[in-house]
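The sequence and the model are shown first.

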Amino acid sequence: MLYYSSLFLKHYINCFNVIHYISFRSIAGLLTALILSIAGGNWFICWSRQYFKMRAREHTPETHKAKGDMPTMGGIFIIGIVTLTTLLWCNSSHKELLIFLGTLIGFGLIGFWDDWSKIVKKRGISERHKLCAQIVIATLSISSWLWLSNPSTTLSLPFFKNISPDLGCFFTPWAILVLVATSNAVNLTDGLDGLAIGSLIMNFATFSIIAYVAGHATFSAYLGIPFAGTAEIAILGAILVGASLGFLWYNTYPAQIFMGDVGSLSLGAGLGLMALMTKQELLLIISGGLFVAETISVIIQVITYKLWRTRFFKMAPMHHHFELMGWQESKITVRFGIISFVLCLLTLITLKLR
């Protein structure tokens with residue numbers, strides 16, 4: 001709304017011309033989402049205590065039993081703030097923005113279904129139903145993107161300028177895999193106060209920078225990365241950073257609210273879609289290394305138990321293993337956050353090492 005208002009006002013007041021700059025709207029969007037989140041957070045927490053009280057999660061350390069009456073589904077609040085701020089600061093005529101918001105809401109609905117089932121029925125939906133629903137939403141999202149935007153189906157390889165294999169018809173299943181895998185990886189990481197959202201903030205910031213570079217013809221040509229026209233996605237990424245920071249204000253240890261599956265599934269899918277739209281999805285393996293490690297720890301735990309009836313970790317995902325080793329929850333969150341920060345810096349370095 002502010003973007004379209006500036007188209008008219010700039011003819012009478014010169015200062016409104018600044019709204020057209022991507023850098024200005026990115027910072028303005030981040031700050032707007034942050035302020036709205038902090039300002040409205042207490043209200044949402046009070047409201048969610050009436051309807052969205054979670055029960056203690058299964059397969060977690062005994063120390064988590066005290067969190068059994070904590071309000072959840074904070075992801076609804078994050079998605080709402082992101083949607084409102086995007087409509088304020090972004091050029092909504094860009095089809096990618098609408099697809100992005102639709103993906104956030106679609107995966108959020110799956111998470112809401114799961115969270116609500118845990119509250120009402122005392123157990124979530126089956127893993128098979130959740131996975132099938134994710135694949136359906138991911139297929140709709142990727143199909144809409146391919147149909148409306150006609151993006152390149154090439155795969156950009158880190159460290160190589162001139163090697164970009166064209167996946168052709170295999171791009172659709174590949175993109176669906178990226179969305180579903182990233183969504184579930186973030187969901188598995190969301191087990192400690194501030195852990196998942198802290199790592200998401202750094203990843204959203206990283207891919208906002210990548211989206212800005214990939215949306216600028218001169219910068220992308222200089223760095224030897226595909227021009228993807230993702231300038232508006234950079235603004236949306238900054239808005240996600242602001243909304244996530246505002247949520248972390250209330251989710252940091254000791255948490256006042258959890259984002260639930262409605263938050264982790266949707267934000268994970270959003271991160272995956274940012275990587276796909278910027279044509280740098282393989283960089284997720286580096287920047288999202290924490291999410292990858294958490295997922296691998298679960299896979300290892302399942303395989304070792306099924307084959308040898310023994311557990312490789314004291315408990316999976318990996319962050320619970322360190323809890324049972326005696327690490328304090330806040331220490332795990334901070335140390336894992338430092339690791340994510342370093343991995344995101346390494347990801348940005350790869351843009352130059354090509």
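Is Thr182 buried or exposed?

## Thr182 in helix α6

The model discussed here is predicted. Thr182 has a relative accessibility of 11% and therefore counts as buried, since the cut-off for that class is under 20%. Thr182 belongs to helix α6, which covers residues 171–189.

Leaving aside residues up to four places away in sequence, Thr182 is in contact with Gly268, Leu271, Gly272 and Leu284.

## Helix α10

After α10 comes Lys279, which has a positive phi, near 65 degrees.

The model contains three cavities of 30 Å³ or more. The second largest cavity holds about 50 Å³ of space. Its lining is formed by Gly41, Phe44, Ile45, Gly74, Phe77, Gly246, Phe247, Tyr250 and Ile257. Two or more of the lining residues come from each of the elements α2 (22–51), α3 (74–89) and α9 (231–251).

What is the make-up of this lining by class? The lining of the second largest cavity has six nonpolar and three polar residues, and no charged residues. Glycine counts as polar in this scheme, and Gly41, Gly74 and Gly246 are among the lining residues.

Key:
Residues are numbered from 1 along each chain as its sequence is written. This is a predicted model: local features need pLDDT of at least 70, side-chain atom pairs count only at pLDDT 80 or more; totals for chains, interfaces and linings use all residues. Side-chain values use heavy atoms; hydrogens and water are left out. On a 1 Å grid over the protein atoms alone, a cavity is a set of points where a 1.4 Å probe fits but cannot get out, and a pocket is an open set with protein on both sides within 12 Å along at least five of seven lines; lining residues have an atom within 4 Å of a point. Grid points are joined across faces, edges and corners, and a volume is the space filled by probe spheres set on the points. Helices (H or I, at least four residues) and strands (E, at least two) are DSSP runs, numbered from the N terminus. Buried means under 20% relative accessible area, exposed over 50%, partly exposed in between (1.4 Å probe, protein chains only). Contact means heavy atoms within 4.5 Å.
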